[in-house]
Amino acid sequence: MPIKFFNTLGRKKEVFEPIDPKEVRMYTCGPTVYNYPHIGNYRAYTFADIIKRVLTYEGYKVKQIMNLTDVDDKTIRDSQKEGKPLKEFTEFYTEEFYKDEKMMNILPASKFTRATDFIREMVEIIQKLLDKGLAYKSEDGSIYFDIRKFKNYGKLSGAVLAEQKENASGRIKSDEYEKDNMQDFALWKAWDEGDGNVFWETKLGKGRPGWHIECSAMSMANLGEQIDIHTGGVDNMFPHHENEIAQSEGATGKSPFVKYWMHNEWVLVDKKKMAKSFKNFYTLRDLSEKGINPLAYRLWLLMAHYRSKANFTWDALEGAETALSRLYRQYLDLGEDNGSVNEAYKQKFKEYLEDDLDTPRALTVVWDLLKDEKVSPANKRSTLLDFDKVLGLGLAELKEEEVPDEITKLAKEREIARKNKDFKKSDDLREKIKQLGYEVKDIEGGYKISKL
Ligand code: AMP
Ligand code: ZN
């Protein structure tokens, strides 16, 4: 079966055909490194991770760039609040982000690119846009993209051109704004006092880039003028990605800048988007404090299709944690022998993922496989390990926990009692073991101890 992805551009599922069959080129809008990302943000990065893992599973070589926005309105504002140089401030959150990604078992991008390392490239694109008459300088020296000059403006998000709206005239300097505030947007922001010591002296004047130009520059510099996949959450569609298209296609004259635009839906809390500004967010640190494995959150994410909203509750997360423990237990109980991958199950698993990354249905294949008595434990184990290349639930690293000597001793005593048909004693010992947090299970030819 061919892989099909839902392309925001055109709003339908399309067969995936990379521009260069030898290598898929993919760009993921990464974090603004001004704070700890919240777990809603990790839906966007887990989603990109799943795309990459599925493509790799299907035999493609994937080059993924993820940017780190280390200069924008928010990083400048908050570094000033903390009284730290911008670089030192953003480095800290960059390192924390890497740690979080590891905890979520998100495979690192081929390259992480910092916006501040690509100022020269941004300046060149802006210069081209000026030369082509698609951008203009305002009175204060800032440079804006003239959206009326780009005839395809709105093709991704369906935004209606400014002329057709009463209130949409003039321009907007801030990085983030809503559709009903659609105006010419800033490519280059002339320095003002609010920027403090954050500026670059360039042929465009003294200033700093707007947020949107950063991704156009990093994508084109690292992946070429046209790429296969660009990902982000649905809020990135407008204005961020719409503006990226205008800047990139405007500068190169080549269309499309991106063949498949893919966006994940929200993580909600009480039916409202999880967001820093609503103060209804949790971080991976909050999960750790409650002793919750971040991979339970990963599993919870996979239990929903990326294009459906997912309402976060602690109960739902606990449900995912129970499911994950059950999976781990059943996987460990399969023993340590490897067999071969069951092709029938693999075909089903692939079929669901090829259908626009249907992870909820792919997970049902896991549970069906575990229940199937016709598949040997060794083959089940190998098939699960194969599936986990996509799911990333950490099966390969999973080990039976060391059982304390005291428990082993009690279990041995219980086994002897059982053999002697002293069932009262055997039951009492089982209970004692349980109270110490372990469970003995009788299996063929002996018993097995596991942590409760
Ligand atoms: P930001 O740091 O705000 O640019 O967000 C980083 C990524 O997380 C972007 O792709 C956003 O679209 C995504 N995102 C932000 N909030 C949520 C949420 N509540 N649910 C899912 N994705 C989100
Ligand atoms: Zn971006």
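Which protein atoms are the donors of the zinc ion (ligand 2)? In this predicted model, they are Cys29 (SG), Cys215 (SG) and His240 (NE2), at 2.1 to 2.2 Å from the ion. Donors are N, O and S atoms within 2.8 Å of the metal (3.2 Å for Na, K and Ca); water is not among the atoms, so sites may look incomplete. Along the chain the donors have the spacing C-x185-C-x24-H. Cys215 in helix H5 (residues 211-223) and His240 in helix H6 (residues 237-252) are 25 residues apart, and the pair links distant parts of the chain. Helices (H or I, at least four residues) and strands (E, at least two) are DSSP runs, numbered from the N terminus. Cys215 and His240 are both buried (under 20% relative accessible area, 1.4 Å probe, protein chains only).

Ligand 1 is surrounded by 17 residues, the closest being Asn41, Gly233, Asp235, Val267 and Met274; a residue counts if one of its heavy atoms lies within 4 Å. Helix H1 (41-57) and strand S12 (227-233) are the elements giving two or more residues to this shell. H1 provides the largest share, four residues.

The table lists polar contacts, pairs of N or O atoms within 3.5 Å.

| Residue, part | Ligand 1 atom | Distance |
|---|---|---|
| Gly40, backbone N or O | nitrogen | 3.1 Å |
| Asn41, polar side-chain atom | oxygen | 3.0 Å |
| Asn236, side-chain N or O | oxygen | 3.1 Å |

Taken alone, ligand 1 exposes 490 Å², of which the protein buries 92% (Shrake-Rupley method, 1.4 Å probe).

Residues are numbered from 1 along each chain as its sequence is written, and chains are lettered from A and ligands numbered from 1 in the order in which they are written. Local features need pLDDT of at least 70, side-chain atom pairs count only at pLDDT 80 or more, and totals for chains, interfaces and linings use all residues, while side-chain values use heavy atoms, with hydrogens and water left out.

Definitions and conventions:
Buried < 20%, exposed > 50% of the residue type's maximum accessible area, 1.4 Å probe, protein only. Polar contact = N/O pair within 3.5 Å; in protein donor to acceptor, adjacent residues only side chain to side chain.
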